[in-house]
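Me: I have a model open here and would like to go through it with you. Can we take it piece by piece?

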Amino acid sequence: MHPKEILQRYELEPKKSLGQNFLFDPAILDKIADSAEIAPHDPVLEVGPGLGALTRVLAQRADRVVAVELDNRFIPILRYELAFFPHVELIHGDILEQHISQLFDQPYKVIANVPYYITGAILRHLLSAEIKPQSLTLTVQKEVAERMTAQPNNMSLMAISVQFYGTASIVSNIGAGAFWPRPKVASSIVHIDVFDHAFDVNEKTFFRVAK
């Protein structure tokens, strides 16, 4: 069902303050899941499930899905939409306030259509966590995707911050028509393979120097 129809049923409107643009194109949702290369035993973290369109796709592929949603208005919708997936754990809260070690005790994969205005904060929170993700597959603003994947001579602090932890690449770009409401910015799918070993440097010192 189109996200507009779902919201009308519950007499709700998207919140611009939370950057709510709902990705609903089935082909794009499948491409995101395909890019994450989910194995049947993989635990998955979804940030901002919204109305559950991507969550349903992930639930059909992953052994466990933890979905963290900030907007309390969507919790009843998600419970209804995901009722047939008992292996989906729904958490009402701010991802930036979640202790990842309390959610996962093994490497996990992050797959999400993240709110664009806090993309950087989400990346910092997850990549610097004690238990790091195995990979991240994210829908982000195209400009941010290009900054994340920039090469030497064109690298910003964001590129350094991401590539310190893993290898980032742009999977594909997404047209505005795949979202409702249509965003005013272009979007991209980014995949980050996180290194399975730590650099022998102090992270705080490294980023102080980088800044």
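Reply: Isoleucine 111 is a place to begin, and it sits in strand S5, residues 109–113 (helices, H or I of at least four residues, and strands, E of at least two, are DSSP runs numbered from the N terminus). The model is a predicted one, in which local features need pLDDT of at least 70 and side-chain atom pairs count only at pLDDT 80 or more, while totals for chains, interfaces and linings use all residues. Residues are numbered from 1 along each chain as its sequence is written, and side-chain values use heavy atoms, with hydrogens and water left out.

Me: Is isoleucine 111 buried or exposed?

Reply: Isoleucine 111 is buried, with a relative accessible area of 0% (buried means under 20%, exposed over 50% and partly exposed in between, with a 1.4 Å probe and protein chains only).

Me: What is isoleucine 111 in contact with, leaving aside neighbours within four places in sequence?

Reply: With those neighbours set aside, the contacts of isoleucine 111 include Ile32, Val44, Leu45, Leu58 and Thr137, where contact means heavy atoms within 4.5 Å. Alanine 67 is 44 residues from isoleucine 111 in sequence, and their C-alpha atoms are 9.8 Å apart.

Me: Which residues touch the most other members of the largest nonpolar core?

Reply: Those are Leu45, Leu136, Met148 and Ile192, in a core of 34 residues, a nonpolar core being a set of buried Ala, Val, Leu, Ile, Met, Phe, Trp, Tyr and Cys residues joined through side-chain atoms within 4.5 Å. Helix H6, residues 119–127, gives the most to this core, with four residues. There is also a second, separate core of 31 residues, with Ile32, Val57, Ala62 and Trp180 among them.

Me: Switching to rings, how many aromatic pairs are there?

Reply: A search of the whole structure gives seven, where rings of Phe, Tyr and Trp (its six-membered ring) pair if their centres lie within 6.5 Å, and planes under 30 degrees apart count as stacked, over 60 as edge-to-face and the rest as tilted. Phenylalanine 22 and phenylalanine 74 have ring centres 5.7 Å apart and planes at 65 degrees, so this pair is edge-to-face. Because phenylalanine 22 lies in strand S1 (residues 22–23) and phenylalanine 74 in the loop between strand S3 (64–69) and H4, the pair ties together parts that are 52 residues apart in sequence.

Me: Tyrosine 80, buried or exposed?

Reply: Tyrosine 80 is exposed, with a relative accessible area of 53%, and its place is in helix H4, residues 75–81. Leaving aside neighbours within four places in sequence, tyrosine 80 is in contact with Arg9 and Tyr10.
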